[in-house]
Each structure stands twice: as structure tokens, then as C-alpha cells.
Amino acid sequence: MQFQQLQYFVAVAETRHFTRAADLVHVAQPSLSQQIKALEKELGADLFLRARGNITLTDAGEALLPLARRILADADTARHEVQELAQLRSGRVRLGATPSLCTGLLPDVLRAFHDRYPGIRLLIEEGGSHDLVRELARGALDLALVVLPLPTPSPALTTVELLREDLVVVSSPDAPAPGRGRRTVRIPDLEGERLVMFRHGYDLRELTVAACRAEGFEPHFAVEGGEMDAVLGFVRAGLGVAVVPRMVATRSGRGLRVTPLARPGLHRTIALAHRSDVAPPRAARELQRMLLER
């Protein structure tokens, strides 16, 4: 049974005339008649009672007609929905990002994307780079914003560098300034500070701890285990200082003292990643373009 045969069958059923039906579907009448006969042979039953000037449906034809109409309607719906997706009127984008990027980089970009494509649903998953790479590999995400270098480099992923961001030290304005009040803080100055530290698996945790150990000391944690919002809240409460991305400090700076790190400072490289073997959906490619052009 072919889709085209159902179109011809419905046209004849509605016009009760083979020639008018052929005109309706823009095909020669002999071709239409041939396809109807092929459909009847496939189904093993006549669909029409043919008498000169009088075409009526058989019982089999009456049974098939509502089913054929439904199939054709479903096909039109499928065609319309695919066209809607192609034109970015509907669909979804599954984007993974580290919590700090959800706080700093993404709000403005996602707002611009939503304003341009209000019919696209944005599904955001927060996690560390290791978790996001795993979710990308199993097809649960279309795109992910990760910190380079990746914890476990994967040849199955394509990464495009997005930005290189400075890290800064945040503290409570009611607490003594880190680095003895100097305009910048050196990594060795953190040896005498209580740090508010992120949970294990957080890229910023590994980066900060590695920088301290490179200067010959183990950092002292006043409290650890939080996500970005919790860490900033603990710092505001005066529990200690934290090393965070500049974008986060700028966006969430109310109630915080922000002090740059002395040169060479600390930085992190953010990249946009997707699977190499599967092209991202159209909507995801558009979000990718907006992120790269931000």
C-alpha cells in the first residue's frame, strides 16, 4: 500500500468520478485508475462499485475511507511540524553548562535566543565538565559549555573555544580584605585565608586547589561542598573567601567585595562542545552561532 494510492482513493471517494479525481490530484486518469486497481489487488477487495456515470463505495471502501483520511491528515501534520522545526518555530535545545556559566554567561544569551525564537524550548542541565561530557557522549545533550582541558579528552567530541575568563577573589565587605587590603591578591596570600570551597567534581575547586599546591601549601576550607549560589551566600555571610569567575562576581557582586588576582593570575578556558558523529539540530546550531558571536 502506497501513500499516493491512498491520496487517489480519497479523491475518487470524494468526487465519485475518476476523471475529476485525476484532475484534483494532477495526474492522468489512466494512471489514477491503474493505481486504484493496484490498491484493490493489494487489499484483496474492490473499493468501488463501477457503473456508467455512477461510482459508489463498497463496504471495503467505506471501511478504508476514514482510515485513509486519517493517514493523510497525519502526514500533513508531520510535514507541517517538520517545516516548523526547520524554520525554528518549535522544537527544543538541550544545553549543558557548569553552574558558574549558568550564573554568568548564559542568562543574556538565552534571553536573546528566546526573544528571537520563542517557540524553542530550552532545557538546561547543570553539572561539572566531566558529567557534561558523559551526557553528550550518550546523546542526552545537544550542546555543552565545558571547561578546557577536558578531564578525559574524547575524540568523539568537537570543541570550539568560546572565551578565556579571569578568576577573582570575592569576600564579604564586613570582613578584613584579603591580601592585607592590597588592590590585588596573590595566590600565596590565600594560605592565610579561610576558603569557601565548591563540591568535589567542580572545575573551580580543582583549579584553585592546584594553584595553591603549586605555591607549596594546602588551602584551608572554612566550608566546602556547595554549588555556586551557596558559595556566594556563604561568602556574603563572612564565612570565608572564594575564587570565582569574573562574570559571576560582576553579575552577583551585590554584597561582595571583588579583588583581582595579581598577575599572572588564574584563568579558565570555556569551550562549546558537541558530538562529532552527529550534527546538532537546527535550533541547537542557531544557539551555537549566537554563543560564538556573543
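Helices (H or I, at least four residues) are DSSP runs, numbered from the N terminus.

I noted that the model is predicted, with local features needing pLDDT of at least 70, side-chain atom pairs counting only at pLDDT 80 or more, and totals for chains, interfaces and linings using all residues. Residues are numbered from 1 along each chain as its sequence is written, and side-chain values use heavy atoms, leaving out hydrogens and water.

I looked up the salt bridge between Arg289 and Glu286 and found the closest N and O atoms 2.5 Å apart. A salt bridge is a side-chain nitrogen of Lys or Arg within 4 Å of a carboxyl oxygen of Asp or Glu. Salt bridges with shared partners join Arg116, Glu286, Arg289 and Glu293 into one network.

I then turned to Arg116, which forms a salt bridge with Glu286 at 3.7 Å between the closest N and O atoms. Arg116 lies in helix α6 and Glu286 in helix α11, so this pair ties together parts 170 residues apart in sequence.

I checked accessibility next (buried is under 20% relative accessible area, exposed over 50%, partly exposed in between; 1.4 Å probe, protein chains only). Glu286 is buried at 10%, whereas Arg116 is partly exposed at 48%. Arg289 is also partly exposed, at 29%.

I last recorded the contact itself (heavy atoms within 4.5 Å). Residues of α6, including Leu106 and Phe113, meet residues of α11, among them Leu287 and Met290. By class, this contact has nine nonpolar, no polar and three charged residues. Here Ala, Val, Leu, Ile, Met, Phe, Trp, Tyr, Cys and Pro count as nonpolar, Asp, Glu, Lys and Arg as charged, and the others, Gly among them, as polar.

Technical notes
Helices (H or I, at least four residues) and strands (E, at least two) are DSSP runs, numbered from the N terminus.
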